[in-house]
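Please look through the notes below with the coordinates open beside them. They take up a few local features in turn.

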Amino acid sequence: MSQRQGGHGPEVSRRDLLKAGGTALAAAAAGPYVVGVRRAGAATPKPGGEFRFRGYTPPHFDPHLTASYTTMINLSFTHSRLLKHKAGPDVKPGTFEIVGDLAESWTHSDDKTYVFKLRKGVKWHKKPPVDGRELTAEDVKYTFDRFTSIKGNANHHMMATLAGTEVVDKYTVKFTLKEPDAFFLDFLANPMALCIVAREAVEKFGDLKKPEAVIGTGPWMLEGHESKVRTTFIRNPDYFIKGLPYIQRIEGIDFDDPAARLAAFVTGQIDAGPEFPGMMIRRQDWKIIKEKRPKLRYVEFPSNVMTHAGMRTDKPPFGDVRVRRALSMAIDRKAILQATAEGVGVMNPPIPAALIALAIPYDQMGDGLKWDTYNPQEAKRLLAEAGQGGGFSTTLEYATYGSQELIDAVQMAVKFWKDIGVEVKVVEKPYAAYFATSYQGKQDGLMMGPQFPALDPWNFMAQYLPDEPKNQSHVKDPVLADMILNTRRITDDKKRQQQIYAIQKHIADQAYYVRFPSGVYIAALDPALENFAPNLGYDYGGRMIAAWWNK
Amino acid sequence: MLRRYFLKRLLVAIPSLVIASVIVFSLVRLIPGDVVVLMMEENQYADDLEAMRAKLGLNRPIYVQYFDWVGRALVGDLGESLYTRRPVAQELLTRVPVSLELGTTAIFFAILLGVPIGIVSAVRQDTARDYVARGGAILGLSIPGFWLGTLAVVLPAIYFKWSPSIQFTKLTDDPWGHVAQFILPGLLLGIGSAASIMRLTRTQLLEVLRQDYVRTAWSKGMGERMVVLKHSLKNSLIPVVTVLGIQIAQVLSGTVIFESIFGLPGMGRFLFNAITERDYPVIQGINLVVVTTVVGVNLVVDFVYAYLDPRIRF
C-alpha cells in the first residue's frame, strides 16, 4: 500500500473501494480519497526551474469575452482576483475555502454590501502600456464595470446580482448588490472570468484578446504564445507575495493526441498528468504509468463532471413522477460505472458528490435514494401504476463529446430502459446541433450528456429554475424554485447547507433528472514537485504559486 | 506543340478549381445545426446572432457570399480566423511549410521504398523476395496510418522510455532537430503510399519486361542493370507518376492525423482544430489551399508525362 499524506481527512484507497463495492462507492461520495501522496520533503523551498504541463491554446485572452476554460487556465498564471480558493497540500480536493487574493480583508455590513480592502503595493506586470504601475481600487471598479456592461460576456450571470461598485479610497472598494446573494463571494473567488484587468490594456488594444494584452498582477507573466504549439510564462519578480512564485518558468505544451500525451508523460517530457482537467491521467493508462514511473505522486478524487438524462416533464409521460422514478430505478449505476470507469467512481446526488461541502451525502438523500437504487421490478410496477404498463417509446438525444465512456453509458441506459418496456430511439447529434438544441432543453423526449463542471452549487441548482436555459427537464416546481432562490438570502453557512441538502432531497425524490455516477480522477505529478496539490477547477496558476522543485 | 499541350492542361485545371471552390464553399454550409447559435453559445464571437451572421457575411445572398469569398481569395485574402482573430492566410504561412515538409518527407520515403522494392519484386518475380515484398505491401495498404503512428509513439515509450519529442523545433533554433522531427512521422505517413507505388511499379515493370524490345536487349547480351533501369524502368513509370499525384492528395489528408499525433503545428492540425472549433473561414481557407495544391500537383504530373513519353500530347 502506498504511503498516505496526513491531514487529508477521510482516506479510502481504490482497493478498499473495490472490495467494498457499492456501499463504499456511496460512502466515497462523502469525500475525496487520497492515495499515494507523500508529504513535502525538504523544508526549504528552492526557487527556479521549469514546470511543463499540457497547455491549451485559447480562442483569445479576453476573460470577459469568452466562457472557454482554455482562456481561464492561461490567465490563472498571469492574473489575480479579489478572492481565490485556498491551495496547497492541506486542501482536500473538492473543497474551496475562500481566501484573499488582491483583497487583504473584506466585510459585509449588510446583506447587500461588501467592502474590500486591497493589498497595498501590488504592481501590474512591467509591460506597456501599464508598465508596472500600482493597482488601485479604480482598477477593480473598472474591471467589474467592464464585466457587467460589455456585450458578449458569456459569464455575465456570475454578477447578475451586482448593482454597482464604488471606489471608497485608493485601496478600498465597495460592492452593492441588488438583492442578497450568499454565493457572491464564491463567484468572486471562482477562477472563471473574474480576474482584475487593466484599463490601459483595453484602451490600447481595443480588447484583451491579443497575447500582448495579457497584463495582470499574477505570479507569472506571459512570455510567449504560439498558437497550438506552446504558451510560456516567466516568473513575475514583483509579485505581491515576496519570494513567490518559486518556479521560474512555466511551459504549457499544446498537443492533442491522447497517445502522444501518454508517451510524453511516461518519458518525462511533461511533469504533470496531461489530461483535462487539472493534470490528470486516464484510468486506462494508470497501470502502465505506475509501472513506468513508480515514484509518481498521485491523488484520486471524484470528478465534478456529472452526466444526467433530462426529460420533458412538461409533456406526458414524463410529467408523471412515477414514470420519472421508474426511469431512474431501471438504471444499474454500478454496472455502468464498471463498464465505463473500471468500477471506480461515485454516485451523485443532485449536486455532484465531488463538491463535498454542499453535496448531500448520497446515503442521506432520504426517499430519493430509493429511486436511485436499481430495481427493475419496482420500476415496472411504477410504470404500470402510471398507466404505462405496456411501456412506451421515446427518443434520446445526445452528442458523443468524442467520449467512448459516454457512448457506452448511453447504450447501457437504453438497454436498461428497454428491460422495463421503454423503447428509446437514440438520436446522435453533432455537437453543434446538440449544444444549440438538446443541451438547452429543446429535445422531444429525453436528452443525455455531461453538465458544466461548476465549483459552486448555484450552477447545478439553477437547472431547476423555470426560466433557466439549462433547465433541460423543463422543471416548473414553485416550491423548489422558492427553496433555491432562498438559498441566496441565507448567509449563515450551516443553515444554507441545510437548505441545500433539503433541496437535493426534494429533487432526488421528484427524480427530475436521471443522474449517472461520476468517475474518479487520478492527478499525477513528478515526485520532485513539492508543495503542490491538485483540485477541481481551472486555477492551475493559483495552485502552482507556492510549488517548487526539489531536485 | 509542347507549349500548346501545357496551355491546354492549364486551361483544364481552371474549371477543376472553380468546381472545387464551389464544393468547399457549400460543404461548410451543409453541416447540420445552426452554427451561428453554437458559435455564440460557445465563444461569443459577436454581440448577438444577427451581428454574428453579419460578421460571417451570412446575412447576404449565397451567390454574393461566394463571389465575395472567391474574389478575396484570388488576391490572397482568406478571411480572418474566428478563433484567433488572425488572418487565415497569415496563419497558413507558418503552417503550410510544416505540412509541406511532412508531406515531402512522406513522399520521399514512399518513392525511396516503393520504387526499388517494386523493381526487385518484378525482377525476382515469384521468389521469396517477391512474396515478402508483396506481403509487406498488403500490410502497408491495410494498416491504418493513425494506428501505426500511435504505436510508434506509445510502444517505445513503454518499452524503452523514449518517445519522439512533443516540442516542435523550429528550423532557426536547431536545423538538425527540425529535420529530424519529420523523419518518423514522414516515414509512417509514407508507408501506405510506398505500398501502392511498389505494387504498381512491379506490375508495370513486369509488363514492360515482357515487351519485344526488352527481349531484344537481353538477346544483345546487355546486363540486367542496363536492361531494367535504362530500357524498362522509364517506360513503366508513367502510371506510377499518375498514382504519385493521387498519393500526394492522400498524404496531404494524412497529415491531419500525423500532425496531431506528433505535435507538429501544420496545416492538417490547424484544420482539425478549426473543425473542432467550427472556425469556418479557416476550414474554407485550408480546403481551398489543399484543393489548389492537389490540382497543381496533377498539373505537374501532366507535364511529367510529356517528359517521360514525348508521344503524349493529348
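1. In this predicted model, A:Thr66 sits in the loop of chain A that runs between β1 (50-54) and α3 (69-78). Because its relative accessibility is 0%, and buried means under 20%, A:Thr66 counts as buried. A polar atom of the A:Thr66 side chain lies 2.9 Å from the backbone nitrogen of A:Ser68, which is within the 3.5 Å used for a polar contact.

2. Helix α7 of chain B covers residues 145-160, and its 16 residues reach 22 Å from the first C-alpha to the last, which is close to the 22 Å expected at 1.5 Å a residue. After α7(B) comes B:Lys161, which has a positive phi, near 50°.

3. Which residues of α7(B) are buried? They are B:Leu148, B:Gly149, B:Ala152, B:Val153, B:Val154, B:Pro156, B:Ala157 and B:Ile158. The cover over the buried residues of α7(B) comes from both chains, and includes α7 (258-266) and α8 (283-292) of chain A as well as α8 (175-209) and α10 (224-262) of chain B.

Notes. Residues numbered from 1 in each chain as written. Chains lettered and ligands numbered in written order. Predicted model: local features only at pLDDT ≥ 70, side-chain atom pairs only at ≥ 80, totals over all residues. Heavy atoms only, no water. Helix = DSSP H or I, 4+ residues; strand = E, 2+ residues; numbered from the N terminus. Expected span 1.5 Å × (residues − 1). Buried < 20%, exposed > 50% of the residue type's maximum accessible area, 1.4 Å probe, protein only. Contact = heavy atoms within 4.5 Å. Polar contact = N/O pair within 3.5 Å; in protein donor to acceptor, adjacent residues only side chain to side chain.
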